[in-house]
Structure formats: C-alpha cells, structure tokens
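Here is a short briefing for a first look at this structure. Keep the model in view while reading the points below.

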Amino acid sequence: MKSAVNVWEPNLNEKFVLEAKGEVAALAETINSMTDTLRIFADQVTTVAREVGIEGKLGAQARVPGVAGTWKDLTDNVNIMASNLTTQVRGIVKVVTAVANGNLNEKFVLEAKGEVAALAETINSMTDTLRTFADQVTTVAREVGIEGKLGGQAKVPGAFGTWRDLTDNVNQLAGNLTSQVRAIAEVSTAVTKGDLTRSINVEAMGEVAALKDNINQMIANLKDTTQKNNEQDWLKTNLAKFSGMMQGQRNIISVAQLIMSELTPLVGAQHGGFFMMETADDRTTPVLNLIASYGYTVRKSLSHSYRLKESLIGQCAFEKKRILMSDVPEGFIHIASGMGDAPARNVVVLPVLFEGEIKAVIELASFKIFSENHLSFLDQLMDSIGVILNMISSSMRTEELLQELKRSNAELEAQANELNEKAKLLEVKNREVELASRSVEEKAEQLQLISKYKSEFLANMSHELRTPLNSLLILSKMLAENKDKNLTPEQVKFASTVYSSGNDLLALINEILDLSKIEAGKMPINPKEFDLPEVQDYVERTFRHMAEQKGLDFQIIMDPNVPRTMFTDVNRLQQVLKNLLSNAFKFTERGRVVMTVGLVGKDQRIGQGTVQASQNIIAFSVKDTGIGIPLEKQKLIFEAFQQADGTTSRKYGGTGLGLTISREITRLLGGWLEVVSAPDQGSTFTLYLPQNYSGAELAQTTPIESSTENNAHIPPLPEDADFSGAKILVVDDDSRNIFAIDSVLEERKMQVIHAENGKVAIAHLQTHPDVDLVLMDMMMPEMDGIEATQNIRQDPRFSRLPIISLTAKAMKGDRDKAIQAGASDYVTKPVDPEKLLSVMYAWLQKKKASVN
C-alpha cells in the first residue's frame, strides 16, 4: 500500500519490496512495473516540456517503452502537442526570417485553429501589407529618383497606424520633390529661352532651399550681366555710329545740328542746345554761342551767348565738368509741341573737350531721368565730338593759311613781273621764281587734301625756292657791288632791289618753316651755356649798319648786375631778338632804338605771375620811338599773318609771322613776351627768360656737340685772304648755281672744275687728284652728295680732302647726315658769298697746315 501511495505522491522511485507469492507477488510486480512506467513517462514529459517550453528546443518527443493503453495515449498526445507546437513555431520563424531577409512573398501555411490560426492570419496580413508597401515605395523611388517621372504616389490599401504614416511620409517626400524639381525645371526652361524675369518661389528647406536661393541668385546675376552687356553693346554701337556719321564733315554748324538731331532723341531727351566756343568781337574774350538746337523755343529772358562762368553753360565750360540737375523746378525749362508743353524733369550740361581745351557745351533736357548708361555714353561721345571739332577747326585754319600763302605768292609773282620789266638780264631768274611760286601753290593745294604731308611739302618748297634764290642772291649782290664799275646807278639800284627782294623771300620761307615746326610740335630746343656778351656782339654786328643807314640812334645797354652766363638755346634767343629789333627798325622813321638787358627784381610782378626768390629772370627789352600799336591790336599782332595795320594798303609790308614765331619760341624756352605801346609814342617789347632753361624736353633735345653747328668755329674772312691758284671741284646739277658760284670763286682767282653729279665728281678726282677742296651739292640725280661723299672718303688719297656740303633742303637731320657721310663742313643755300669764302679759307688753311 505504501508503494501505491507513493505513486500518487511526487516520489516515483519507491518500489514494492515484499516477499510474496502467488497473486500478491504478481500484484507487487505489476505495481513496480507501473511505477517504472510512470517514472519514465514523467521524465519524458518533463524533458519535452523543458526543451520545448523553456529551452526552445523544438522537435523533442516523449519515448516511453512498453507503454500501452491510456499511458500510450497520454504519451502520444504529449508528442502530438509538441510536434504541432514545433511545426507552428517553425512556420512563424520561417515567415519572420523571410520578412527580415526582405522576402515578402513567404506565407504562413499550416493547419491551425484558434489563436494560432488568428496569429497565422495576422502574420500573413502583415506580410501582404509590407509587400504592397515595399512595391509602392520602390515604384515611387524608381519613377521619381531614377526614371525622372515626377508626380508618383504610393498607394497601400488597408494600411493603418505606423504603416499609414510611413506611406503618407513617402508620398509627401515625393510630392515635395516633384513640386521643387518642377519649379526649378520651369524656371530653368524660361531662362534658357531668354526670360530672366522668373524665379523659384516653391517652399523648401535645407540644401534644396540653398539650391533654390543659388539658382535665383544666378538668374539675378545673369539678368544684371545681360543688362550690362546690352547697355555696353548699345553704347559701343552708338559711339561707332556717331563716329562714322561725323567723319568727312567740314562745317561746324552742320556737324552741330546733325549731332543735336541724332543725339537728343537717342538718349530720350526732348530739348537741347549746342553752344560753340568762339572769340568775342574784341578777339580776346572766349564766348559760347548757340549754333544748333533741338526743340528750342526763343525766350526773352534767355541769351544765345554766354561768357565763362555765366549761367550753367559758362560754368560747365569753366570747370570742364558735367553738370546734372534732377527734379528741375517748375518753369525752369519748358518742352513744347504743337499740342502743349510741360516742364522737364532732368537737365544735363556737358563739356566738349579736346586735349583739356574746351571746344563746346551741349545741354539736354528730358521728361525722364537720364540713365547711368546714357550719361556714360554722353561722356564718351563728348571726347569724339571734341576730336571732330578740332579737326574741322584745324582744317579751316589750314585753309586760311593757304589763302594767305596764295596771296603772298601773288605778291611775289607781281614783284617778279616788275623785275622782268626792269632787268632783262634777270628775266630767266624771275621766271624760275614764278615757277617756284606756282609749285608752292600746287603743293599748298595738296597740303589742303593731305595734312600729314605738310612737313615734307614745306621741305620741298624750301629746296625749290632756295635753289634759284642761291644764284639770284649771289649774282644780284655781285651786280649791286659793281666792282667793275660798268653799271649805271639805276642798274645798280635794280640789282639791289632784286637782292633785297630775294632776302625778303628767304625770310618768308624761313618763317613759314618755323611756323610749321611749331604747329607740329617739332621745334627743337638745344640749350647750352654761353656768355651774354656774345648776344650783345651779335646784335651789334647785325643791326649797327641798319641803324646807320636809317639815321637812327641805336644803343645796347647791359645792366652790370646781369649774370655773365646763361643756359638756354642761344640760336632761338638770337632769332627772337632779331625779329624784335627788325620790327623796331622797320616801324621807326626817326628817333632811336634801345635794347636793354637786365635782371628782374625778386617778387616783382610780371605778366601773369610774380618772380620767385629762387628764380633768376633776365629781361631783354627793345624800345623804339616808332609808330606804336593801338591797345586793341596788341594781342592781334601775336597771331599768325596778322599786323596792327592789316589792310592791303598798309604802309609797312611783311607776313605777320615774326611775332607769332617769337611768342611760341619764347614759350618753348620757358619765358613770356610782353608789349607796352601807344600810337605815335613808340613800343617796348620785353622778352623774359629764366637764366637756366629747365624744359621737359631738355634730355631729348640736347644735341651732340658739333664743330660745324652754324659754322661757329669759322672766323671771319681776313681782308688779305688769298685764294689764288686753289683748285676747287664744284659738284652741282643746277647750271645756275654753278654759274653763280663760279663767278664768286673766279673773282678770287680760283681754278674751278665742274661736275653735274656724284659719279662725274669721282671721275674728275681720279684725273685731278690735286683738287684742294670740293663743294658738294646734296640733292643730285644718279648719285647724290651723301653717296658721293662716302665713296670719296673710301679712297685713302682723299681722306683729308676738305668737302663742304651745300644744300637748299636745310631740314632737321640733314647736317648730321652730311657729317656722318664724311663732309668736313655744311653750308645751307642760299649761300652768302662772304660766309662761303670764310668756310673755304678756313679749311684750305687747315689743309696747308696738315701738309706742312
């Protein structure tokens, strides 16, 4: 019984141990067998429960050997329960693992009932929802992110809670991206088509917002750049248009009206005036006169002419700056049409300049504000207009000079005709002068067409006139001297008149050449230190004889305080003094001419300024008792081709170039020229120069010292100079010059050999190696003087042979070319016989000294 009791209690290890026999022994064995079976059953069930329920080891089965009946049914039921649980759990694990691995096609397919069946259905429903969600999200991502199909939305039916939120978030993301990209694409397409007014206005955050802002900024920058490029294209196109339109114009009024007609509407203006800078009636005061207009209405309160600083027109000209007025008050300017009028809102006054000099002023008025591009265009256009106005003014001035030159040529032609009537022997010479004058006139007409050839033309004119003048002056002077006493006094007078007229023509040629150099800015300044007494000696030698001829008292007064030396261009100084003294003697019939050289006191006011303490200013004053100059004409006399008496019936001749040239030379030397005069009381011209020249071109213009400069090294011809027997080779292609020079040389008993060009000269030297001196003309056919001189110097026999270069084309650089070629000295035509003989004598003496 104890064993049976233990069966129903937790202890299944108890056994029935009792000695028994028969049925009792069989019962004991049966009870012990049942106990073992129960113990095994309990162990197996416990093991299955522990492994499946606790340890999670699925697939465990209870094995109870020898079990039968109810115990077998119990064992089988436990095994069935464990097997079903294992199958169901493994099915769930399989589905969940597939979902975890991204396989949403796996389903939970098992026979189940109750809660397990509900769990299976829930898991399958979850898997379907995830698969639908994944398909929709993948489709949206592919269409929007890869294929570029905007507007896609995920549709997941039956989604709730978090899945519904996820679906809505994906759709919101796709929608935002669609609206943003479409907005960017729409604006980009518009910009591509040239519409720069669009911008992206879609809401965005983060990097997309930064992208939107950058694109909008890019469009704004592109719009600004395009606008600026369009403005620049407009500006450059219209500048080119105006430049082409103004080319070839020859009349200032026509150009001004053309500018106003085209410019005013171009910049949106409706009213305008063109004021040209001109000289007032007193020829001293600059005045701005209205010469062209656009939409202008005459008003009694307004003038057509303004001086500097008068009104905004004069102020603009004075300051040389643009004046812009905005918000113009009522009644200031009225712009009128046939239907009505209204005040302007904006007025601009513009100066027209050329190289800093005011040429004109343009005024424009508009109903609207002038844009910055318009103002920039106007500023640049003013420079082009200034160039055109200067070109037209220069052309008109050249025309005036040419007309004056024609009048001078006419006078020369008349004089030549008179000389033909009085002296038949000089008829050929005068005809050549006439032909030369006509040649000058033809070249002057060419100058009118092509101004850049002006310098070359004047050089050729100089050569053409100096060549016949050379023989004319030499022969007329020899006739006037009448050494053979075979001419009547009247014939001597004729010859003296021819000589004087020839010198006047030579002076005119030199003055025109100087004026041309000054106008071209090529007048050379060659400063050097010299003694002031040299200037006194020069003036004394040049004008003492003239004073004695006219019976005038002539004095030269040197202030003892004047420095002994001066650093400036002595030749230019002598040129100015010669002109001032020549005028003084010409316009003085009786009385005296006095030249005073003094030092200007410190802090003394002269001209437009005051002498500084650090400056030494030397004053050269020329005072005469002549006819005097009216006050209103004292500025006029310094203009080219102008005289105080400018009528054709004037008593005193001349071209009116001397004072113009003197004033410009004075300016180049850093000084100034003043005049004090009154009619019938004489005149005083004062030249002020700094003791030490300090011009800007000093470094460029200081020449290399040459012993041949102006033949300064040649002493005067001694009275006992003997040329007898000297053999001279004269090389010149002009028979007139040969005749004139032969006359001078043969009179001195020299032996003369002729050659018409360089080749013949070289041949003569081969046959006459005993030639003492060569007079070489520079301009000849076949071989000119430069080449001939070079060839002669190549022969060792003639390395020391004196060669004196003669030329009528005395232009800058000619002397240097001749000396570099091997010439010993240089003399310009027309040749002064005394000077030529002095140069020849000096070189003949040098040759004799070198031989000895």
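Which residues have the most contacts inside the largest nonpolar core? They are Val539, Phe554, Leu573 and Phe620, in a core of 40 residues. The model is a predicted one. Its protein chain has 852 residues, and 42% of them count as buried.

**Overall make-up**

- The protein chain holds 21 helices and 22 strands.
- The chain exposes about 46700 Å². Carbon and sulfur atoms supply 52% of that area.
- Take the contacts between residues at least 6 apart in sequence: 64% of them join residues at least 24 apart.

**The nonpolar cores**

- The largest nonpolar core has 40 residues.
- A second, separate core has 32 residues. Leu239, Leu350, Leu375 and Ile392 are included in this second core.
- Val539 belongs to the 40-residue core. Beyond its neighbours within four places in sequence, Val539 is in contact with Arg544, Phe554, Ile556, Leu581 and Met595.
- In soluble globular proteins, nonpolar side chains tend to be buried together.

- Asn409 counts as buried because its relative accessibility is 7%, and buried means under 20%.
- Asn409 touches Ser437, Val440 and Glu441, leaving out residues up to four places away in sequence.
- Arg407 and Glu404 form a salt bridge, with the closest N and O atoms 2.4 Å apart.
- Arg407 and Glu404 are three residues apart in helix H9, so about one helical turn separates them.
- An α-helix has 3.6 residues a turn, so residues three or four places apart point the same way.
- Buried or partly exposed: how do these two partners count? Arg407 counts as partly exposed, at 46% relative accessibility. Glu404 counts as buried, at 16%.

**Other salt bridges**

- The structure holds 10 salt bridges.
- Lys241 pairs with Glu262 in one of them, and the closest N and O atoms are 3.7 Å apart.
- That pair links distant parts of the chain, 21 residues apart. Lys241 sits in helix H6 (residues 206–246), and Glu262 sits in helix H7 (residues 252–266).
- Lys241 is partly exposed, at a relative accessible area of 41%. Glu262 is also partly exposed, at 30%.
- Asp379 forms a salt bridge with Arg322; here the closest N and O atoms are 2.6 Å apart.
- This pair, too, links distant parts of the chain, 57 residues apart. Asp379 is in helix H9, while Arg322 is in the loop between helix H8 (311–319) and strand S4 (323–326).
- Asp379 is partly exposed, with a relative accessible area of 32%. Arg322 counts as partly exposed at 36% relative accessibility.
- Arg663, Glu664 and Arg667 are linked in a network of salt bridges.

**A nonpolar surface patch**

- Which residues form a nonpolar patch on the surface? Met34, Trp71 and Leu74 do, with about 230 Å² of accessible area together.
- Met34 is found in helix H2 (residues 23–54). Met34 counts as partly exposed, at 35% relative accessibility.

- Val140 is found in helix H4 (residues 114–146). Val140 counts as buried, at 6% relative accessibility.
- Val140 and Val170 are 30 residues apart along the chain, and their C-alpha atoms are separated by 8.4 Å.
- Helix H21 (residues 833–851) has 19 residues. H21 reaches 27 Å from its first C-alpha to its last, close to the 27 Å expected at 1.5 Å a residue.
- Buried residues in H21 include Pro833, Leu836, Tyr841, Trp843 and Leu844.

Terms used:
Residues numbered from 1 in each chain as written. Predicted model: local features only at pLDDT ≥ 70, side-chain atom pairs only at ≥ 80, totals over all residues. Heavy atoms only, no water. Helix = DSSP H or I, 4+ residues; strand = E, 2+ residues; numbered from the N terminus. Expected span 1.5 Å × (residues − 1). Buried < 20%, exposed > 50% of the residue type's maximum accessible area, 1.4 Å probe, protein only. Contact = heavy atoms within 4.5 Å. Areas by Shrake-Rupley, 256 points an atom, 1.4 Å probe, with all protein chains shown as cover. Patch = residues over 30% accessible without salt bridge, like charges linked within 9 Å, V, L, I, M, F, W, Y side chains within 5 Å. Salt bridge = Lys/Arg side-chain N within 4 Å of Asp/Glu carboxyl O. Core = buried A, V, L, I, M, F, W, Y, C linked by side-chain atoms within 4.5 Å.
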